[in-house]
Amino acid sequence: YLKANPRMKVAIHGHTDNVGSPVDNMKLSLDRAKAVEDILVKEGISTSRLSHIGFGETKPTKSNSSAEGRAANRRTDYVIVSN
């Protein structure tokens, strides 16, 4: 999609569940987002079109009280910054 839309810029948001310390989860989420960015760069997407940030456990989409919820919270999201 990014190759087909060469002017599009995206932010990659990394997230975690609430297992572990908040500090460790923040680093993990940042590393997760950076890994996705690295893959996109390897696939030919310019770094000038990408940014990444980690949110740790601060923005869950599901409850962390179940294994399924925790799994859903371990994710990366793409946010279109500009077209």
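Two strands are taken to pair if DSSP finds at least two bridges between them, and in this predicted model strand β1, residues 9-14, is joined to β3 by six bridges.

**View 1. Pairing of strands β1 and β3.** The two strands shown in this close-up, β1 and β3, run antiparallel. Within the pair, Val-10 stands opposite Ile-80, a residue of β3.

**View 2. The open sheet of three strands.** The strands are arranged in the order β2-β1-β3, and the pairing among them is mixed. Because β2 (50-54) and β3 (76-82) each have a single partner strand, they stand at the edges of the sheet, and one side of each is left without a neighbour there. From one strand to the next, the twist averages 25 degrees.

**View 3. Helix α1 against the sheet.** Helix α1, which spans residues 22-42, lies across β1, β2 and β3.

View 4. Phe-55 is placed in the loop between β2 and α2, the latter covering residues 67-73. The relative accessibility of Phe-55 is 16%, and since buried means under 20% relative accessible area, Phe-55 counts as buried. When its neighbours within four places in sequence are left aside, Phe-55 is in contact with His-13, Gly-14, His-15, Met-26 and Ser-29.

**View 5. Phe-55 and Asn-73.** These two residues, Phe-55 and Asn-73, are 18 residues apart along the chain, and a distance of 11 Å separates their C-alpha atoms.

Terms used
Residues are numbered from 1 along each chain as its sequence is written. This is a predicted model: local features need pLDDT of at least 70, side-chain atom pairs count only at pLDDT 80 or more; totals for chains, interfaces and linings use all residues. Side-chain values use heavy atoms; hydrogens and water are left out. Helices (H or I, at least four residues) and strands (E, at least two) are DSSP runs, numbered from the N terminus. Axes are lines fitted to C-alpha atoms, for helices over the stretch in contact, and angles run from 0 to 180 degrees between N-to-C directions. Contact means heavy atoms within 4.5 Å. Buried means under 20% relative accessible area, exposed over 50%, partly exposed in between (1.4 Å probe, protein chains only).
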